[in-house]
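Here is my note on this model, point by point. Please read it with the structure open.

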Amino acid sequence: LAYFREKAAIDDASRSEEALAVLTERLATGNPPRCVDLGAGTLSLLPVIAKAVKAAGFATFEYLAVDRDRDALAEGLAKLQIQNTPWPADADPLASRSFERLRHGICDIGGVRCSIAVVCGDALDADAFGSFDLVCGSAFADLVRPEILADGLRRIGKPRGTAYLPITFSGKTELHPHGAEELLRAYDA
């Protein structure tokens with residue numbers, strides 16, 4: 001969990017305002033969005049999404065957080081004040097076999113009313129909960145083979161939906177053990 005805490009500081013410092021402006025613009029073209037956060041970890045992307053939703057002119061949104069790390073999700077949940085609500089009766093019964101339902105409720109995130117559901121399971125199986133206007137995931141896309149990611153985005157996202165998959169960079173690429181610089185040069189060639 002220490003990794004998530006340190007990563008959140010780097011993510012916040014390096015987040016692209018230009019990318020957030022594009023995200024806000026995309027969100028403003030539809031209805032209040034239904035969002036899924038793939039590899040949600042400690043839910044650090046939730047306030048960023050709420051800020052974009054609010055800037056797009058919406059007062060509410062739906063948010064599903066999915067991650068395999070139950071402890072990280074629990075840490076993120078501990079920071080929120082959630083009014084519990086029952087899980088929807090129309091939720092896919094097959095999803096209950098592959099996901100552990102941790103929390104479902106309503107909370108306020110930066111002045112935006114969020115209907116939140118948090119589940120522990122494989123992020124790329126989130127289509128068990130339907131399709132989403134916004135598929136997001138911080139530092140997630142680089143962990144999945146491109147063809148698998150593309151297939152997952154097609155299944156999980158709505159047609160003409162938006163994907164926001166930031167990969168933050170702290171300013172310098174280092175390869176270990178030392179001597180791997182040749183690999184970096186070959187990659188950049």
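1. Asp 122 is partly exposed in this predicted model. Its relative accessible area is 26%. Asp 122 forms a salt bridge with Arg 68, with the closest N and O atoms 2.8 Å apart. Arg 68 counts as exposed, at 61% relative accessibility. Asp 122 sits in the loop between strand 5 and strand 6, and Arg 68 in the loop between strand 2 and helix 4, so the pair ties together parts 54 residues apart in sequence.

2. Helix 4 covers residues 70-78, and its buried residues are Ala 72, Leu 73, Glu 75, Gly 76 and Leu 77. At the start of helix 4, a side-chain oxygen of Asp 69 comes within 3.1 Å of the backbone nitrogen of Asp 71.

3. Lys 158 and Asp 133 form a salt bridge, at 3.4 Å from N to O. The pair links distant parts of the chain: Lys 158 is in strand 7 and Asp 133 in strand 6, 25 residues apart. Lys 158 is partly exposed at 32%. Asp 133 is partly exposed at 25%.

4. Arg 155 and Asp 151 also form a salt bridge, with the closest N and O atoms 3.1 Å apart. Both lie in helix 6, 4 residues apart, or about one helical turn. A salt-bridge network links Asp 127, Asp 151 and Arg 155. The salt bridge count comes to 7.

5. On the overall fold: the protein has 7 helices and 7 strands. Of its 189 residues, 41% are buried. Among contacts with a separation of 6 or more, 74% join residues 24 or more positions apart.

Terms used
Residues are numbered from 1 along each chain as its sequence is written. This is a predicted model: local features need pLDDT of at least 70, side-chain atom pairs count only at pLDDT 80 or more; totals for chains, interfaces and linings use all residues. Side-chain values use heavy atoms; hydrogens and water are left out. Helices (H or I, at least four residues) and strands (E, at least two) are DSSP runs, numbered from the N terminus. Buried means under 20% relative accessible area, exposed over 50%, partly exposed in between (1.4 Å probe, protein chains only). Contact means heavy atoms within 4.5 Å. A polar contact is a pair of N or O atoms within 3.5 Å; within protein, one must be able to donate a hydrogen and the other to accept it, and residues adjacent in sequence count only if both atoms are side-chain atoms. A salt bridge is a side-chain nitrogen of Lys or Arg within 4 Å of a carboxyl oxygen of Asp or Glu.
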